[in-house]
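Open your viewer and let us walk through this model together, stop by stop.

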Amino acid sequence: MGDFKGVRNVGGRPVGSGNIYNKTIKKMIAEIVENNLETLQAELDQMKPSEKARIIISLLEHVSPKLRSIETNDIKDTTFKPISIKLN
């Protein structure tokens, strides 16, 4: 490749700081739900269970944190050790 040409962002976003866009979206969705709670519940009550689940899941994606898979690299002993259980 070659030498990097341009300006490096050595500071970047600090570790642990939130994404402003995500905070804004979460706040907007929360306000929409709060302002329309009664009508939203009435609409949800009239929906089929599958539609209701789809709507709730799509709203939860914006409010709750997403789970990530993790990788463990600190396992030292990888040999299989069987466990035997004796039943009487």
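What percentage of the 88 residues of the chain count as buried? The answer is 2%, where buried means under 20% relative accessible area, exposed over 50%, and partly exposed in between (1.4 Å probe, protein chains only).

Before going on, note that this is a predicted model, in which local features need pLDDT of at least 70 and side-chain atom pairs count only at pLDDT 80 or more, while totals for chains, interfaces and linings use all residues. Residues are numbered from 1 along each chain as its sequence is written, and side-chain values use heavy atoms, with hydrogens and water left out.

Now switch to cartoon view. The chain has three helices and zero strands, in the order α-α-α from the N terminus; helices (H or I, at least four residues) and strands (E, at least two) are DSSP runs.

Next, select N22, K26, E61, S64 and K66. These lie nearest the centre of the largest pocket, which is lined by 10 residues and holds about 280 Å³ of space. Both α1 (20-35) and α3 give two or more residues to this lining, with α1 supplying the largest share, four residues. A pocket here is an open set of points on a 1 Å grid where a 1.4 Å probe fits, with protein on both sides within 12 Å along at least five of seven lines; lining residues have an atom within 4 Å of a point.

Finally, select I83, which lies in the segment after α3 (49-63). I83 counts as exposed because its relative accessibility is 77%.

Notes. Grid points are joined across faces, edges and corners, and a volume is the space filled by probe spheres set on the points.
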